[in-house]
Amino acid sequence: MSGPTFGLAPLVAQQLPGGLPLLLLPRSGPLILAARLVIRGGSGADPSGQRGAHQLLAGTMTRGCGDLDADALADLVEGAGASLRAEAHEDALVVGLKCAADDASALLPLLLTLVRQPRLEGEQVEIEQQLNLQTLQRQREDPYQLAHDRLRSLLYASGPYGHDPLGVEDDLRSLGPTDLGILAGHLGQSGAALVICGTIPADGVELLERPLAASPWSTGAPAASAAPSPSTPQGPTLATLEQDTEQLVLMLGAATVPLGHPDALALRLLQTHLGSGMSSRLFQVMREERGLAYDVGVSLPARCGPAPFVIHLSSSAERAGEAAEALCLEWQRLLEVALSEEELELARAKYLGQDAMGRQTCGQIAERQALLFSHGLPQDHVEQCLRQAATLSGEALRQAARRWLTGPKLSLVGPADALHHACRSWQLADLGGAPSPPL
């Protein structure tokens, strides 16, 4: 089966023994290969009381698999000048390989061995566990991370997205090899997919088919996410943390839609309009015109569930109230004022440019196609969005904002006096809970 080309040879999709979808993207040029195995689940599927389990499992996978202990695996990979990584995101556990084409035949099978035969030796689990705990401890010193953690709690509470993929310290400390072994045994039950891009060896597919034919991995293509319905946000809308610094960090956000939702593109264009580059509205208004921001930006990560749309801003403690007021005004503007044609054209141009820049290398191409696979989206989903972007109006973007960005929640980290003034501005803005128009 063939599909879109991205300027490459036609895509080739097939199924490996047991049901694992495989997408091959041959690419001429430098003799390199990038592969990405994505397994639906991730930290959002961490068992109760085991938050951080998928990330700990992912890290330990690269510390030995099959017949290779930690040293032998490192020698094999690093001796070839290759990169083999595994990490857990909110919706998936991902194994990535980058190597020279001449070494691909020796290294490609590791993708399956890591997942299906991780050694999970006690000493290696403990080393990875301590590294993750140290990272969590360092995050407690970062005001941005602290504000992000509190906003995440406001938006998702104890739900699947309610904790960092690294986990929670008490849960993480309690995990051991037995827990990880049980988790590894369930990988692939919600679907998985493998994408390979670059100079693919002639025996590449056979190298993957052989172990799966002998011991099938029962999996299949991940399913598309169910579309959520707009709802009035519940629970607290404000979280604060006092920290003795000279600046205030503000994060204002709302839980929105999965990557494949009909409104996802409109929200992506709004994110681009607000926060992409020095010509973006927030940079121009908050930093250049008003001098309120040391740093400002907007994030909208791809999620299988309700993705967070978040504006982040850092400002001086002395101007905390003004910064909070201006941030709320910009959010309200999304709901009340449609983008002008000039603003919309600039957002479209940036969106198209970001797409082009995001598929320059084999690694980028493999990553994008694996992301689509993991969300249960068609191979040409990005191309569909690029065409659709030209048809969306400013009013369509405003209506999408009104469906998903009403009732945002605010997280603040900074000195006590700054918190007081920012909270006062938040109360006066009264952004919570306006009725949303129907889909």
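Tutor: Start with a term. Two strands count as paired if DSSP finds at least two bridges between them. Keep in mind that this is a predicted model.

The part to look at is strand S11. Strand S8, residues 247–255, runs antiparallel to S11, and 5 bridges join the two. Within that pairing, Met 251 has Ser 411 of S11 as its bridge partner. Strand S7, residues 238–242, is paired with S11 as well, here in the parallel sense and over 5 bridges. There, Thr 240 stands opposite Leu 412 of S11. In general, strands of a sheet pair through backbone hydrogen bonds, either parallel or antiparallel.

Now look at how S11 is covered. Buried here means under 20% relative accessible area. The side chains split into two sets. Lys 409, Ser 411 and Val 413 point one way from the strand. Leu 410, Leu 412 and Gly 414 point the other way. Both sets are buried, Lys 409 included.

Next, the loop between S7 and S8. Gln 243 is found there. Is Gln 243 buried or exposed? Its relative accessible area is 17%, so Gln 243 counts as buried, the limit being 20%. Its contacts lead back to where we began. Leaving aside neighbours within four places in sequence, Gln 243 touches Val 413 and Gly 414, along with Pro 143, Leu 146 and Pro 415. Val 413 and Gly 414 point opposite ways from S11.

Move on to the loop between S10 and H12, where Glu 318 sits. Glu 318 is exposed, because its relative accessibility is 71% and the exposed class begins over 50%.

Helix H11, residues 281–289, comes next. Its buried residues include Leu 282, Phe 283, Val 285 and Met 286. The buried residues of H11 pack against helix H10, strand S9 (295–299), strand S10 (308–316) and helix H12 (320–336). After H11 comes Gly 291, with a positive phi near 60°.

The search of the whole structure finds 1 cavity of 30 Å³ or more. The volume of the largest cavity is about 50 Å³. Its lining includes Val 257, Pro 258, Leu 259, Arg 268 and Ala 302. Sorted by class, that lining has 8 nonpolar residues, 2 charged and no polar.

The largest pocket holds about 890 Å³ of space. Of the 31 residues that line the pocket, the closest to its centre are Leu 259, Arg 268, Ala 302, Arg 368 and Leu 371. Leu 259, Arg 268 and Ala 302 also line the largest cavity. Helix H14 gives the most to the lining, with 7 residues. Each of several other elements supplies at least two, among them helix H10 (264–275), strand S3 (32–40) and strand S5 (92–100).

S3 and S5 belong to an open sheet of 6 strands with mixed pairing, in the order S1-S2-S6-S3-S5-S4. Strand S1 (12–15) and strand S4 (83–88) stand at the edges, each with a single partner strand, so one side of each has no neighbour in the sheet. Neighbouring strands here are turned by 15° against each other on average, direction ignored. S3 and S5 run antiparallel, joined by 9 bridges. Ile 32 stands opposite Ala 100 of S5. Helix H1 (residues 53–61) packs on this sheet, touching S4 and S5, and its direction makes about 165° with that of S4.

One last stop, at helix H8 (residues 177–185), which includes Pro 177. Pro 177 is partly exposed, with a relative accessible area of 35%. Its C-alpha atom is separated by 9.3 Å from that of Gln 124, 53 residues apart along the chain. Beyond its neighbours within four places in sequence, Pro 177 is in contact with Leu 120, Gly 122 and Val 125.

Key:
Residues numbered from 1 in each chain as written. Predicted model: local features only at pLDDT ≥ 70, side-chain atom pairs only at ≥ 80, totals over all residues. Heavy atoms only, no water. 1 Å grid on protein atoms, 1.4 Å probe; cavity = no way out; pocket = protein on both sides within 12 Å on 5 of 7 lines; lining within 4 Å. Points joined across faces, edges and corners; volume = space filled by probe spheres on them. Helix = DSSP H or I, 4+ residues; strand = E, 2+ residues; numbered from the N terminus. Axes fitted to C-alpha atoms, helices over the stretch in contact; angles between N-to-C directions. Contact = heavy atoms within 4.5 Å. Buried < 20%, exposed > 50% of the residue type's maximum accessible area, 1.4 Å probe, protein only. Nonpolar A, V, L, I, M, F, W, Y, C, P; charged D, E, K, R; others polar.
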